[in-house]
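Me: I'd like to learn how to read the features of a structure, one at a time. Could you show me the general idea each time, then the case at hand?

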Amino acid sequence: MEPIQEAHVAEPGLLVIDIAGADDVTVMAFQDAVARTWGTATAARTTRDPGQPGVRIRLYADLRQALPRSAEAALECFHPNEA
């Protein structure tokens, strides 16, 4: 991954999230859950690092832009059988 640019975290509430997972489906599902909760610039595809297991993506989230959704519904994205 490239270094994080200061502009992406210049204000409170801005996040750079590097995600690593076993496969494309897993990391994209996590990305989708984050994007349904906060204003997020998402990745279009995953990357693979030579010699490293799994795939990676980077996304940028703005916690100041919370989308209308209940906390219970957001948690259901991660634990659908426990809600």
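Reply: Let's start with burial: a residue is buried under 20% relative accessible area, exposed over 50%, and partly exposed in between (1.4 Å probe, protein chains only). Asp 18, for instance, is partly exposed, with a relative accessible area of 42%. Keep in mind that this is a predicted model, where local features need pLDDT of at least 70, side-chain atom pairs count only at pLDDT 80 or more, and totals for chains, interfaces and linings use all residues. Residues are numbered from 1 along each chain as its sequence is written, and side-chain values use heavy atoms, with hydrogens and water left out.

Me: What percentage of the residues of the protein count as buried?

Reply: Of its 83 residues, 27% do. For the surface, accessible areas come from the Shrake-Rupley method with a 1.4 Å probe, and for residues only the protein chains shown count as cover. The protein exposes about 5,800 Å², with 55% of that supplied by carbon and sulfur atoms.

Me: How do the elements of the protein run from the N terminus on?

Reply: Helices (H or I, at least four residues) and strands (E, at least two) are DSSP runs, numbered from the N terminus. Here there are two helices and three strands, in the order β-α-β-β-α.

Me: Which residues make up the largest nonpolar core?

Reply: A nonpolar core is a set of buried Ala, Val, Leu, Ile, Met, Phe, Trp, Tyr and Cys residues joined through side-chain atoms within 4.5 Å. The largest one has 10 residues: Ile 17, Ile 19, Val 27, Met 28, Val 34, Ala 43, Val 55, Ile 57, Leu 59 and Ala 61. Strand 1, helix 1 (24-35) and strand 3 are the elements that each give two or more residues to this core. Strand 3 gives the most, with four residues.

Me: Is Arg 58 buried or exposed?

Reply: Arg 58 has 14% relative accessibility, so it counts as buried.

Me: Which residues are linked in a network of salt bridges?

Reply: Glu 11, Asp 62 and Arg 64 are. The side chains of Glu 11 and Arg 64 meet at 2.5 Å, N to O. Glu 11 sits in the segment before strand 1 and Arg 64 in strand 3, 53 residues apart. Glu 11 is partly exposed at 42% relative accessibility, and Arg 64 is partly exposed at 47%. Asp 62, in strand 3, is buried, with a relative accessible area of 9%.

Me: What does Asp 62 touch, not counting residues up to four places away in sequence?

Reply: Contact means heavy atoms within 4.5 Å. With those sequence neighbours set aside, Asp 62 touches Gly 13, Leu 14, Trp 38 and Gly 39. Across the protein, 61% of contacts between residues at least 6 apart in sequence join residues at least 24 apart.

Conventions
Salt bridge = Lys/Arg side-chain N within 4 Å of Asp/Glu carboxyl O.
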